[in-house]
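Subject: Structure for your review

Dear colleague,

Please find below the structure that I am handing over to you.

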Amino acid sequence: MNYSRQREMILNYVRSVKCHPTAETVYENIREDCPSVSLATVYRNLNQLSENNYIKRIKIDGKSDRFDGNLSYHNHLFCRICNSIEDVEPFCELSDIVEEIEEKHGFAADGCQILLFGICQSCRKKQ
């Protein structure tokens, strides 16, 4: 990828937050410092950054894609009520599950991510 000031701003923003922003959230936040940026530019650059492994894309059926600047291996918790996404550190038993799947299916896994759906602690307290 060639250098682009707008792409650098998008990357820096995604890496600086823990909220796993949507493209719209990225756009709203970098627009303050770069008023000439368009939403289409943000989408295009997020796609390029995720395809080139500078950030992670988190896909959730029926929801806008979210983006994560934390490239270390971790999993996510998604709240169905407030739509928040929280990082969760992997647990060692996951490697056993991947190993078993590889053996059973002859599949050479090169990555794995778990996305758990449910209700976060904050929303549970409100109910």
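The model is a predicted one, in which local features need pLDDT of at least 70 and side-chain atom pairs count only at pLDDT 80 or more, while totals for chains, interfaces and linings use all residues. Residues are numbered from 1 along each chain as its sequence is written, and side-chain values use heavy atoms, with hydrogens and water left out.

Overall fold

The protein chain contains five helices and five strands. Helices (H or I, at least four residues) and strands (E, at least two) are DSSP runs, numbered from the N terminus. Read from the N terminus, the order of elements is α-α-α-β-β-β-β-α-β-α. Along the principal axes, the C-alpha atoms fill a box of roughly 50 × 45 × 25 Å. The chain has 127 residues, of which 31% count as buried; buried means under 20% relative accessible area, exposed over 50%, and partly exposed in between (1.4 Å probe, protein chains only). Among contacts with a separation of 6 or more, 46% come from residues 24 or more positions apart, where contact means heavy atoms within 4.5 Å.

Helix contacts

Two packed helices are described by the angle between their axes and the distance between the axes. Here, axes are lines fitted to C-alpha atoms, for helices over the stretch in contact, and angles run from 0 to 180 degrees between N-to-C directions.

The axes of helix H1 (residues 5-16) and helix H3 (residues 39-51) cross at roughly 70 degrees and come within 10 Å. This makes H1 roughly perpendicular to H3 (under 35 degrees counts as roughly parallel, over 145 as roughly antiparallel, 65 to 115 as roughly perpendicular and the rest as oblique). On the H1 side the contact is formed by Gln6, Arg7, Ile10, Leu11 and Val14, and on the H3 side by Thr41, Val42, Asn45, Leu46, Gln48 and Leu49. By class, these are six nonpolar, four polar and one charged residues. Ala, Val, Leu, Ile, Met, Phe, Trp, Tyr, Cys and Pro count as nonpolar, Asp, Glu, Lys and Arg as charged, and the others, Gly among them, as polar.

H1 also meets H2: their axes come within 10 Å and cross at roughly 110 degrees, and the two helices are therefore roughly perpendicular to each other. Met9, Ile10, Tyr13 and Val14 of H1 face Thr25, Val26, Asn29 and Ile30 of H2. This contact comprises six nonpolar, two polar and no charged residues.

The sheet

Three strands form an open sheet in the order E4-E3-E5, with mixed pairing; two strands pair if DSSP finds at least two bridges between them. Strand E4 (85-88) and strand E5 (115-118) are the edge strands, each pairing on one side only. From one strand to the next, the twist averages 25 degrees. Strand E3 (residues 75-79) pairs with E5 in the parallel sense over four bridges, and Leu115 in E5 is the bridge partner of His76.

Two loop residues

Most residues other than glycine have a negative phi. His20, in the loop between H1 and helix H2 (23-30), has a positive phi of about 55 degrees. His20 is buried, with a relative accessible area of 1%. Asn53, in the loop between H3 and strand E1 (56-58), also has a positive phi, near 60 degrees. Asn53 counts as exposed, at 59% relative accessibility.

Yours sincerely
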